[in-house]
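Me: I would like to learn how to read a few features in a model like this one, going from single residues to strands and helices. Could you take me through them one at a time?

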Amino acid sequence: MFKRFRRLRLNESLRFMLEESFLDIKDFIYPLFVVDGKGIKNELSSMPGVFQMSIDEILKECKELVELGIKAIILFGVLDDDKKDSIGSDALDDEGLIAKSIREIKRDFPNLFVITDLCFCEYTEHGHCGVLDLKTGMVDNDLTLELSAKQALVQARAGVDMIAPSGMMDGIIYTLRKSLDENGFYNMPLMSYSTKFASSYYGPFREIAKSSPSKGDRKSYQMDYKNSKEALLESLEDERQGADILMIKPALAYLDVLKDLSLKTKLPICVYNVSGEYALLKAGAKLGVIDYEKVLLETMFAFKRAGARLIISYHSKEVAKILKDMK
């Protein structure tokens with residue numbers, strides 16, 4: 001005697017009733033890259049459909065996102081080189097690019113949930129995620145924590161809905177939580193890039209965000225991709241420090257880490273479907289070697305099946321249109 005699993009697969013309606021994983025556009029967060037100026041919309045060759053945009057173009061994009069049913073964005077500031085310095089001063093300025101952008105988006109789209117990436121790589125001339133120790137050339141963890149707290153307050157005062165620190169500094173969640181609470185922002189949620197790997201999948205992002213390190217790499221503060229137990233420790237430590245949402249980044253090559261973390265925490269988990277993953281699918285579609293929409297949906301369901309509640313993805317608009325057509 002053997003089990004006939006096909007009994008539950010032969011009828012389409014029954015298959016639909018027994019689906020274990022679900023995908024909804026409310027699960028998605030769309031990344032946006034804002035630059036100074038007006039009328040700017042620069043597409044990245046390796047990421048078709050993804051742009052650097054001035055705030056007037058960002059506002060047009062937000063209108064489209066709202067119409068598609070997308071509920072949330074994550075905002076990255078992209079500075080010209082002549083506006084960068086050693087400590088990322090623009091990110092610490094209430095009149096800086098990211099603060100002004102938050103205010104304008106929330107003015108026109110008060111119900112759009114705005115998340116900010118909190119880091120220094122886009123704002124510093126050296127491109128690292130924190131302030132460098134001039135003697136060693138390494139990121140000074142504790143000085144970076146001090147400046148990160150100031151950056152968080154700038155974003156909070158501008159009206160952001162959630163802050164997502166991405167620099168992988170030790171103690172970042174504790175530091176931000178303490179500073180935000182002391183300044184009256186105790187209801188500000190923190191989505192931690194709690195397990196962010198030193199990955200080669202970030203290449204196109206570093207081009208669009210103009211955030212590549214001028215010297216060295218980020219292996220001294222981002223996770224070694226060969227380690228899974230350490231990856232769990234990183235996320236669970238951020239949970240202990242007060243993170244409200246945990247994140248695995250990148251997503252596709254780290255589904256094992258995502259699944260393991262989902263079994264260890266009760267917090268919601270987000271995955272960042274990163275630029276290199278996006279670019280690979282787009283390249284496959286251009287070459288005609290994959291059925292793009294089917295592979296895209298299969299990938300998104302893999303994230304959900306492995307334990308993700310939220311998905312940051314450059315595919316968000318496409319997924320919204322596919323899901324709408326499926327109804």
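Me: Is Asn183 buried, exposed or partly exposed?

Reply: The idea is to compare the relative accessible area with two cut-offs, since buried means under 20% and exposed means over 50%. In this model, which is predicted, Asn183 has a relative accessible area of 44% and is therefore partly exposed. Asn183 belongs to the loop between α5 (172-182) and β7 (191-196), and its C-alpha lies 10.0 Å from that of Arg157, a residue 26 positions away in sequence.

Me: How should I read Asp108, and where does it lie?

Reply: The reasoning by cut-offs applies again: with a relative accessible area of 37%, Asp108 is partly exposed. Asp108 is part of helix α3 (residues 97-108), and although 46 residues separate Asp108 from Cys62 along the chain, their C-alpha atoms are 9.1 Å apart.

Me: Which residues of α10 are buried, and what covers them?

Reply: For a helix, one can begin with its span and then turn to its surroundings. Helix α10 (residues 292-306) has 15 residues and reaches 21 Å between its first and last C-alpha, close to the 21 Å expected at 1.5 Å a residue. Its buried residues are Tyr292, Leu296, Leu297, Thr299, Met300, Ala302, Phe303, Lys304 and Ala306, and the elements covering them include β1 (28-35), α8 (255-262), β9 (269-273), α9 (275-287), β10 (310-313) and α11 (316-326). Just after α10 comes Gly307, with a positive phi of about 125°.

Me: How many bridges join β1 to β10, and how many pair β9 with β10?

Reply: For strands, one reads the sense of the pairing, the bridges and the partners. Strands β1 and β10 run parallel and are joined by two bridges, while β9 and β10 also pair in the parallel sense, over four bridges.

Terms used:
Residues numbered from 1 in each chain as written. Predicted model: local features only at pLDDT ≥ 70, side-chain atom pairs only at ≥ 80, totals over all residues. Heavy atoms only, no water. Expected span 1.5 Å × (residues − 1). Buried < 20%, exposed > 50% of the residue type's maximum accessible area, 1.4 Å probe, protein only. Contact = heavy atoms within 4.5 Å. Pairing = 2+ DSSP bridges.
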